[in-house]
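Trainee: I would like to learn how to read aromatic pairs, strand pairing and salt bridges in a model. Could we take them one at a time?

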Amino acid sequence: MSIAPLIARYADRFHRAVGDGHHVASPLGAWLVLALAAPAATGAVRDELTDVLGTSPEAARDAAAALLEHPHPAIASAAAVWRDPSVVAALQSWLSGLPRPVEVGEIPGPAAADRWASEHTLGLIDKFPVEIRPDTILVLASALATRVDWETPFQLVPSAELNSPWSNRVTQALQSVPSHTAYIASSAVGDVAVHAARSADGLEVTSVIAVPDVPAADVLAVAHGSLDRRSLFDLPLGDGPLWTIDESSGRPGERHVAVLPAWSARSEHPLMRPEFGFPAAAQGLIDLLPGRGYSVEAKQSALARFTRTGFEAAAVTGMAMTASLATEGRRRTATLRFGRPYAVVARATTGEWDGVPVFSAWVSAPEEPT
């Protein structure tokens with residue numbers, strides 16, 4: 001199974017739920033947690049997770065296992081399931097089906113969970129995204145991180161080359177070099193400008209920009225897919241909203257130069273909304289546990305930096321289940337007072353005598369207790 005289309009499909013869902021604010025995320029990190037949890041689900045919950053994941057829970061789990069078992073040289077990856085001993089028996093069937101690379105163990109303390117996040121994100125994220133409490137009974141987590149240098153760094157140019165309001169917000173911008181990839185492509189949202197830079201160890205970072213009125217989620221969907229290059233000779237000369245095309249005499253051919261800003265982002269994404277799939281994943285696990293007194297928190301912490309010389313990014317996704325305490329309600333107390341004559345009956349309660357009244361009395365003369 002090719003996992004890339006599944007992640008691209010989920011990424012479209014994820015980013016549409018996040019919205020169009022400045023943010024960074026790892027839909028893959030969230031998808032991995034869902035893929036680990038999903039095989040626990042049955043019935044309608046299983047059907048919902050199949051739709052979210054884009055494939056059956058077992059196929060998603062196996063795809064996640066393949067990624068974790070064969071890590072990319074440029075990407076640090078890890079997954080963990082931590083559980084309280086009180087739920088091991090109820091979850092045993094699901095736990096036994098977890099992929100081999102998944103770390104399984106006792107619930108760590110908050111400091112240990114923070115260390116896990118830092119160790120598996122190259123030190124970029126130093127705090128676990130969800131709270132580990134004394135009554136936490138189950139935690140699922142994934143961590144992804146990368147820190148790479150471009151094969152060839154960008155050149156620095158004056159920010160006026162951006163030819164946009166951003167030119168007044170920064171003084172310098174990044175300009176591509178011949179070893180980078182840059183082109184104009186046709187897409188579902190119209191013609192877009194594309195730039196891609198690679199690292200020596202096989203990570204490619206692609207930037208795609210469309211005209212301003214196209215929703216962010218639609219541009220992100222285009223960036224996750226394949227793009228068809230357009231020839232510059234099929235496009236009009238002059239200034240457009242995304243590029244300027246000139247023509248001069250000389251050796252025939254096409255040349256593309258991209259100008260981008262450096263950028264960074266840090267985001268926190270609460271994930272307990274149906275669009276993300278985490279309520280269904282949590283319910284599938286809750287259905288295996290006794291009782292129904294559980295609360296669930298799911299979040300992702302993510303950051304990224306795009307610079308002249310390289311790119312770094314990290315994300316930790318966590319889902320924690322807590323055994324809820326009984327909620328307080330109204331309480332009434334009755335005090336029964338035997339202060340007048342009353343009846344007493346003594347009955348046998350075993351064998352052939354079961355239910356037979358053996359003694360009875362009417363009490364109308366109280367005595368001082370000895």
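**Reading the features**

Mentor: We begin with the rings. The count of aromatic pairs comes to 12. Keep in mind that this is a predicted model.

Trainee: What describes a pair of aromatic rings?

Mentor: The distance of the centres and the angle of the planes describe such a pair. Take Phe14 and Phe276: the ring centres are 4.9 Å apart and the planes stand at 70°, so this pair is edge-to-face. Phe14 belongs to helix α1 (residues 4-18), while Phe276 is in the loop between β13 and α8 (278-286), so the pair ties together parts 262 residues apart in sequence. Both Phe14 and Phe276 are buried.

Trainee: How are the planes of Trp116 and Phe128 set, and which kind of pair is it?

Mentor: The planes of Trp116 and Phe128 are at 75° with the ring centres 6.4 Å apart, so the pair is edge-to-face. Trp116 lies in helix α6 and Phe128 in the loop between α6 and β3, so parts 12 residues apart in sequence are tied together. Trp116 has a relative accessible area of 5% and is buried; Phe128, at 4%, is buried.

Trainee: Which residues form one aromatic cluster?

Mentor: The cluster is made of Trp150, Phe154, Trp263, Phe306 and Phe311. Ser176 is found in the loop between β5 (172-175) and β6 (181-186), and its relative accessibility of 7% counts as buried.

Trainee: Where does the charged end of Arg229 sit?

Mentor: The charged end of Arg229 sits over the ring of Tyr183, at 4.2 Å from the ring centre.

Trainee: Now the strands. In what order do the six strands of the open sheet come?

Mentor: As a general idea, side chains in a regular strand alternate between the two faces of the sheet. Here the order of the six strands is β2-β1-β3-β15-β14-β13, with mixed pairing. The edges are β2 and β13 (263-270); each has a single partner strand, so one side of each is left without a neighbour in the sheet. On average, neighbouring strands of this sheet are turned by 10° against each other, direction ignored.

Trainee: Do β1 and β2 run parallel or antiparallel, and how many bridges join them?

Mentor: β1 and β2 run parallel and are joined by three bridges. Val81 has Val104 in β2 as its bridge partner.

Trainee: How does β15 pair with β3, and how with β14?

Mentor: Strand β3 (residues 136-149) pairs with β15 in the antiparallel sense over 13 bridges. Within that pairing, Ser142 has Thr317 of β15 as its bridge partner. Strand β14 (residues 294-306) is antiparallel to β15 too, over 13 bridges, and Ser301 has Val316 of β15 as its partner. A hairpin of three residues leads from β14 to β15.

Trainee: Why is β15 described as largely enclosed by the rest of the structure?

Mentor: Of the 14 residues of strand β15 (residues 310-323), 13 are buried, so the strand is largely enclosed by the rest of the structure.

Trainee: Last, the salt bridges. How many does the count give?

Mentor: Side chains of opposite charge can pair when their charged atoms come close. The count comes to 14 salt bridges. One of them joins Glu106 and Arg83, with the closest N and O atoms 3.3 Å apart. This pair links distant parts of the chain: Glu106 is in the loop between β2 (103-105) and α6 (110-119), Arg83 is in strand β1 (residues 76-83), and 23 residues separate them. Glu106 is partly exposed at 46%, whereas Arg83 is buried at 15% relative accessibility.

Trainee: Which residues are linked in a network of salt bridges?

Mentor: Arg9, Arg13 and Asp51 are linked in such a network.

Technical notes:
Residues numbered from 1 in each chain as written. Predicted model: local features only at pLDDT ≥ 70, side-chain atom pairs only at ≥ 80, totals over all residues. Heavy atoms only, no water. Salt bridge = Lys/Arg side-chain N within 4 Å of Asp/Glu carboxyl O. Helix = DSSP H or I, 4+ residues; strand = E, 2+ residues; numbered from the N terminus. Buried < 20%, exposed > 50% of the residue type's maximum accessible area, 1.4 Å probe, protein only. Pairing = 2+ DSSP bridges. Axes fitted to C-alpha atoms, helices over the stretch in contact; angles between N-to-C directions. Phe/Tyr/Trp six-rings, centres within 6.5 Å; stacked < 30°, edge-to-face > 60°. Lys NZ or Arg CZ within 6 Å of the ring centre and 35° of its normal.
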